[in-house]
Amino acid sequence: MKITHNLLKCEVVKVKPHIFAVIVKNDYDRAMLFCRYQEYYESPYSELYRKFFTLEEFMKIYIEKRNTSFFSYPIDWVGYNIPSEVLIESYNLFKDTGSFYDEIMGQIIDFCESESKTKNGDKHKWYIIGADKINSKVLKHEIAHGYYYTSLEYREKMDKHISKINEKDFLFLKESLIYIGYRDEKDIIYDEIQAYMSSYKPSSWKDGVYKKYKKNFLQTFLEQISI
């Protein structure tokens, strides 16, 4: 589905069963479309996590927390991922105080809800990701998040790989993710570890630690993506 607005153009593509990619080439527009929902889902800041906040309140809080003189979110983050029930929950909370970005997100939700129904017409949980293009390392990273949510078998395999990371290395990976800006919560940390191990290394991770564990994660991801 293509969405054309005088201020934003994007395309929604079903990249895997129940996983939808919203392709927005412009980093700023992609960030502004997703930021409220992404922060509602997994913000490290208590003022935002699973709470109501306006776009303007979020921007001010983010600047204060990051100790910057400008709103750097579109530079800090390039990919986005949100499970359907959290996206719908936050949309219902935000929609009455929204912008045209929220209007577009409403259209995206309606499309994904319709496309992810079962053959019997029943609703099925789905996952939405945001990226700059179809063929990119960012998209692969976000698809790994989608699998972790939509496939119990995939999640169990990835959790097993994580359980084999020694305590010292796991603590390093976890603390590095928290330093970048991820929420200190088990499910989120596990999800980010498997997604990065399946796609690309964040700059804060040591090469040695990454290479030590990447093979098993990548193999599981490639097996899943080939289904």
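Which helix does S84 lie in? S84 lies in helix α4, residues 84-94, with helices taken as DSSP runs (H or I, at least four residues) and strands likewise (E, at least two), numbered from the N terminus. This is a predicted model, where local features need pLDDT of at least 70, side-chain atom pairs count only at pLDDT 80 or more, and totals for chains, interfaces and linings use all residues. Residues are numbered from 1 along each chain as its sequence is written, and side-chain values use heavy atoms, with hydrogens and water left out.

**S84**
- S84 is buried at a relative accessible area of 5% (buried means under 20%, exposed over 50%, partly exposed in between, with a 1.4 Å probe and protein chains only).
- Leaving aside residues up to four places away in sequence, S84 touches K125, W126 and Y149 (contact means heavy atoms within 4.5 Å).

**α7 against α10**
- Helix α7 (residues 152-163) and helix α10 (residues 207-225) have axes that come within 10 Å and cross at roughly 170°; axes are lines fitted to C-alpha atoms, for helices over the stretch in contact, and angles run from 0 to 180 degrees between N-to-C directions.
- That makes α7 and α10 roughly antiparallel to each other (over 145 degrees; under 35 would be roughly parallel, 65 to 115 roughly perpendicular and the rest oblique).
- On the α7 side you'll find Y154, K157, M158, H161 and I162, which meet N216, F217, T220, F221, E223 and Q224 in α10.
- The residues of this contact split into 5 nonpolar, 4 polar and 2 charged (Ala, Val, Leu, Ile, Met, Phe, Trp, Tyr, Cys and Pro count as nonpolar, Asp, Glu, Lys and Arg as charged, and the others, Gly among them, as polar).

**The cavity**
- Searching the whole structure turns up 1 cavity of 30 Å³ or more; a cavity is a set of points on a 1 Å grid over the protein atoms alone where a 1.4 Å probe fits but cannot get out.
- The largest cavity has a volume of about 40 Å³, that being the space filled by probe spheres set on the points, which are joined across faces, edges and corners.
- Its lining is M32, L33, R36, Y37, L55, S99, Y101 and D102, where lining residues have an atom within 4 Å of a point.
- α1 gives the largest share of that lining, 4 residues, and α1 and α5 (100-115) each supply at least two.

- Most residues other than glycine have a negative phi.
- H18, in the loop between β2 (8-16) and β3 (19-23), has a positive phi of about 70°.
- R50, in the loop between α1 (27-42) and α2 (55-66), has a positive phi of about 55°.

How values were computed. 1 Å grid on protein atoms, 1.4 Å probe; cavity = no way out; pocket = protein on both sides within 12 Å on 5 of 7 lines; lining within 4 Å.
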